[in-house]
Amino acid sequence: MTVSMKNRVSVVLVEPQSPGNVGMVCRAMKNMGLAELRIVKGCSLDHPEAYKFAVSAKDLLETARIFPSLEEALADTELSVATTRRHGKYRQEIFSPGEIVAKIAANLAGNRAALVFGREDSGLTTDELSLCRWHATIPTSAEYGSLNLAQAVLIFCYELFTGLGEGTVGGDARTLAGSAAQEALFGQMERTLLRIGFLNPQNPDHIMRTVRRIFSRAELDDREVAILRGMMTQIDWAADGFQGKKGQ
């Protein structure tokens, strides 16, 4: 199977605050051969500063898709990458831009990818990070590690461009379960695990974030997700006193 990177990779901005930054992101994307921008709420795109800094990438600005939540913005993607500069208890293994490009390249033939960037002042929340399959960061000086939004986008897009080029990506990568399917699985798992007393109802995320990391590393496909959801359904039946199907 051969596909074009341009049609398979999206850039997602979560609540961008500066129209000028959005314009510069469009320019960076077009410089590196990407064409699809997705915005989760945030500032107005119909702003003089956005058009000023987009320069010849105004078409990306005008065709940007707006979403009410990150979950909806990622629903049709399988390879989502959250960018962050923070390490913490609930933040899984963090890759460099080059390592992420290698992962995307190995799977892009059968899947869609999204690079997710957070707010200029506070980045992505822990809950938003948990929606993404992988986490990545740009190595910087310990003295001052904060990058401008458009700079960060340009670095990741550059790595994609040099790693994959403008042409096509070959291979027979298996199609992974999409973000929407995974979120449905995690929602069902949380409800079931709460029901049987495995999760603390006061703080279910404490364990569920680790559960998410486990299954993100597993890179599930749709059939595997369906099997796990069937297991959760069977556990629910057992919790109601169901002893199994007749003859078992």
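What volume does the largest pocket have? In this predicted model, for which local features need pLDDT of at least 70, side-chain atom pairs count only at pLDDT 80 or more, and totals for chains, interfaces and linings use all residues, the largest pocket has a volume of about 440 Å³. Residues are numbered from 1 along each chain as its sequence is written, and side-chain values use heavy atoms, with hydrogens and water left out.

A pocket is an open set of points on a 1 Å grid over the protein atoms alone, with protein on both sides within 12 Å along at least five of seven lines, whereas a cavity is a set of points where a 1.4 Å probe fits but cannot get out; lining residues have an atom within 4 Å of a point. Grid points are joined across faces, edges and corners, and a volume is the space filled by probe spheres set on the points. The largest pocket is lined by 24 residues, of which Arg-85, Arg-119, Gly-123, Leu-147 and Ala-152 are the closest to its centre. Helix H7 (residues 149–164) gives the largest share of this lining, three residues, where helices (H or I, at least four residues) and strands (E, at least two) are DSSP runs numbered from the N terminus. By class, eight nonpolar, ten polar and six charged residues line the largest pocket, with Ala, Val, Leu, Ile, Met, Phe, Trp, Tyr, Cys and Pro counted as nonpolar, Asp, Glu, Lys and Arg as charged, and the others, Gly among them, as polar.

The second largest pocket, with a volume of about 190 Å³, has a lining of three nonpolar, two polar and seven charged residues, among them Glu-71, Asp-127, Asp-205 and Arg-209. Helix H6 (126–130), H8 and H9 each supply at least two residues of this lining. Because domain 1 (9–164) and domain 2 (179–239) both give residues to the lining, the second largest pocket lies between them; the domain bounds come from an automatic or database domain assignment.

Three cavities of 30 Å³ or more are found in a search of the whole structure, and the second largest cavity has a volume of about 50 Å³. Its lining includes Ser-130, Cys-132, Gln-182, Phe-186 and Arg-212, and the largest share, four residues, comes from H8. This cavity lies between domain 1 and domain 2, since both give residues to its lining.

An open sheet of seven strands has the order S4-S3-S2-S7-S5-S8-S6, with parallel pairing, two strands being paired if DSSP finds at least two bridges between them. Strand S4 (65–67) and strand S6 (94–95) are the edge strands, each pairing on one side only. S6 is joined by two bridges to strand S8 (residues 134–136), to which S6 runs parallel, and Phe-95 stands opposite Ala-136 in S8. Helix H5 (residues 97–107) packs on the sheet, touching strand S5 (79–83), S6, strand S7 (113–117) and S8, and its direction makes about 150° with that of S8, where contact means heavy atoms within 4.5 Å. Axes are lines fitted to C-alpha atoms, for helices over the stretch in contact, and angles run from 0 to 180 degrees between N-to-C directions. Helix H1 (residues 19–31) lies across strand S2 (9–14) and strand S3 (36–40), running at about 155° to S3.
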